[in-house]
Amino acid sequence: MENKHRMRVESGYRRRTRLFTGLTATVLLNCGAAAWAHHSFAMFDLQKPVEVKGTVKEFRFVNPHSWLILSVTGKAGKAVDFPIETNGAFYLAKRQGWKRDSLKAGDVIVARIHPMRDGAPGGDLIKVTLSNGRELIARAVPAVAPPVEKK
Amino acid sequence: MMLNSSSRTGRSSMRAAAAMTAALFGALSGCSRQEQVAPAQIAPAQIAKDGQILGALAKANLSKPRPPAPVDLTGTYNFKVEGTDANGHEFLPHPKLTAKAQAFLDKKTAYRARGFEYLENAGSCWPYGVPQIMTRYWPVQFIQLPTMVVVLSMVTSNVRRIYTDGRQHPPDEDLRLTYNGHSIGHWEGQTLVVDTVGFIGVRHYVSDGVPGGEKLHVVERISLSEDRNTLQIEFTMTDPDHWVGEWKNTKRYTREEYLDIEEHICIYEEEAKLPAFKKNLSK
């Protein structure tokens with residue numbers, strides 16, 4: 001599902017506006033709250049992940065959410081803070097093998113995220129690709145089941 | 001004593017848990033074993049003085065002769081994802097909702113369709129409360145004592161106290177409303193039947209988008225599978241302000257022997273830094 005909609009943003013992030021299809025709206029309606037995620041997912045576009053490249057400014061490995069702030073070069077060449085949230089440290093450690101120092105300030109990474117639906121900077125982390133090519137998975141399963149699998 | 005004779009496991013971790021809890025119990029109660037008595041001999045929780053009910057961990061309460069519990073629920077359990085919703089954590093399908101509850105759900109759904117959240121609980125650091133703390137992603141721990149079962153739910157570091165010392169719910173004027181309610185339990189065969197009332201009705205949800213009010217009444221029938229590795233809770237819930245009749249749903253949990261609960265505290269100012277928070281109209 002994600003590859004089909006893959007959109008790579010090599011540097012910076014791309015603000016996007018678009019109309020939602022009935023199908024997309026239906027999926028979001030049914031899956032507004034991801035129970036493991038501690039809060040609603042209504043504000044993320046779960047259907048069209050994007051990739052954001054930047055430098056880790058801050059990483060907090062805590063419950064109920066871990067989060068990081070990426071410093072991303074915007075269109076005007078100016079660094080912009082791009083906040084990304086993800087699963088709690090408990091989940092990342094127990095299920096995905098993350099460590100407290102998996103991400104450090106200064107690391108240059110590519111973050112694959114579910115972006116904000118309104119195009120604002122920010123998103124929900126799916127995985128990180130470090131500069132050495134190593135991947136850190138944040139979400140083992142899609143935040144919602146693909147439409148074809150829904151009952 | 002607490003880990004009773006019906007336990008069929010020889011797991012070292014269970015023995016360790018038994019030893020630790022026995023030590024705690026011994027220290028609190030000053031005794032190391034309980035004598036078995038017939039159910040008819042069990043007195044309700046004692047009134048100690050000035051109308052106060054003896055505390056569940058009072059020495060006199062812990063040391064009161066009681067029959068051993070038929071099952072020891074002590075353990076760490078992970079919610080088992082089953083059911084018809086995407087995550088299996090909600091109580092689907094819904095019963096017939098009242099007009100009031102349906103209107104709320106419709107409003108919440110409409111907000112989500114536009115990428116917003118309406119009157120969310122956890123995302124704004126409000127408590128989930130019962131029953132939702134029993135069905136989230138994070139594990140739960142049961143610690144069974146002679147007078148109470150303590151349930152630790154990792155999500156937002158919640159604690160439930162289920163009194164099994166024979167006490168009843170307080171009279172209405174003494175019932176202080178909470179998100180987890182007031183729980184009392186008794187054994188029916190191998191099943192712990194837990195009755196919970198006294199809920200706060202403000203931003204308290206039974207299932208995603210369906211409110212629970214002050215009339216919410218939750219009955220849980222809690223049992224262990226024969227191999228003691230699957231915990232099952234049959235929920236029966238009523239709230240005439242929000243749905244019609246009984247709302248029944250069964251959830252299952254897998255025993256985890258290599259897992260503990262960690263601190264999980266929601267801090268409003270920290271949540272406010274998250275991208276999702278900016279779209280949460282309930283803040």
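Guide: Two strands count as paired if DSSP finds at least two bridges between them. In this predicted model, B:Phe79 stands opposite B:Tyr253 in E13(B).

Visitor: How many bridges join strand E3 of chain B to strand E13 of chain B?

Guide: As a general idea, strands of a sheet pair through backbone hydrogen bonds, either parallel or antiparallel. Here strand E3 (residues 75-79) of chain B and strand E13 (residues 247-255) of chain B run antiparallel and are joined by three bridges.

Visitor: Which strands make up the closed barrel of chain B?

Guide: The barrel has nine strands, in the order E3-E4-E5-E6-E7-E8-E11-E12-E13 of chain B, and its pairing is mixed. On average, neighbouring strands of this sheet are turned by 30° against each other, direction ignored. Chain B as a whole has four helices and 13 strands.

Visitor: Take E11 of chain B. Which residues lie on its covered face, and which on its uncovered one?

Guide: In a regular strand the side chains alternate between the two faces of the sheet. For strand E11 (residues 217-224) of chain B, the covered face holds B:Val218, B:Glu220, B:Ile222 and B:Leu224. The uncovered face holds B:His217, B:Val219, B:Arg221 and B:Ser223.

Visitor: With which residue of E11(B) does B:Val193 form a bridge?

Guide: The partner of B:Val193 is B:Arg221. Strand E8 (residues 191-197) of chain B pairs with E11(B) over five bridges, in the antiparallel sense. E11(B) is also antiparallel to strand E12 (residues 230-238) of chain B, and eight bridges join these two. One of the bridge pairs there is B:His217 with B:Thr238.

Visitor: How many residues lie between E11(B) and E12(B) in their hairpin?

Guide: Five residues lie between them, and in the turn B:Arg228 has a positive phi of about 65°.

Visitor: Now a helix. Which residues of H3(B) are buried?

Guide: For burial, count the other C-beta atoms within 10 Å: 20 or more means buried, 12 or fewer means exposed. In H3(B) the buried residues are B:Ala101, B:Lys108, B:Tyr111 and B:Arg112. They lie on the same side of H3(B) because they cover an arc of only 100° around the axis. The face turned away from that side carries the exposed residues B:Ala99, B:Ala103, B:Asp106 and B:Ala110. H3(B) has 15 residues and reaches 21 Å from its first C-alpha to its last, close to the 21 Å expected at 1.5 Å a residue. After H3(B) comes B:Gly115, with a positive phi near 85°.

Visitor: Is B:Asn121 buried or exposed?

Guide: B:Asn121 sits in the loop between helix H3 (99-113) and strand E4 (140-144) of chain B. It has 24 other C-beta atoms within 10 Å, so B:Asn121 is buried. Leaving out residues up to four places away in sequence, B:Asn121 touches B:Trp126, B:Pro127, B:Tyr128, B:Arg203 and B:Tyr205. Over chain B, 39% of the 283 residues count as buried.

Visitor: Which residues touch the most other members of the largest nonpolar core?

Guide: In soluble globular proteins, nonpolar side chains tend to be buried together. The largest nonpolar core here has 80 residues, and A:Leu68, A:Leu70, A:Ile84 and A:Ala111 touch the most other members. Strand E3 (residues 66-73) of chain A gives the most to this core, with five residues. Leaving out residues up to four places away in sequence, A:Ala111 touches A:Glu51, A:Val52, A:Leu70, A:Ile84, A:Leu125 and A:Val128.

Conventions
Residues are numbered from 1 along each chain as its sequence is written. Chains are lettered from A and ligands numbered from 1 in the order in which they are written. This is a predicted model: local features need pLDDT of at least 70, side-chain atom pairs count only at pLDDT 80 or more; totals for chains, interfaces and linings use all residues. Two residues are in contact if their C-beta atoms, placed from the backbone, lie within 7 Å. The expected span of a helix is 1.5 Å times one less than its number of residues. The arc is that of the directions from the helix axis to the C-beta atoms. A nonpolar core is a set of buried Ala, Val, Leu, Ile, Met, Phe, Trp, Tyr and Cys residues joined through C-beta atoms within 7 Å. Axes are lines fitted to C-alpha atoms, for helices over the stretch in contact, and angles run from 0 to 180 degrees between N-to-C directions.
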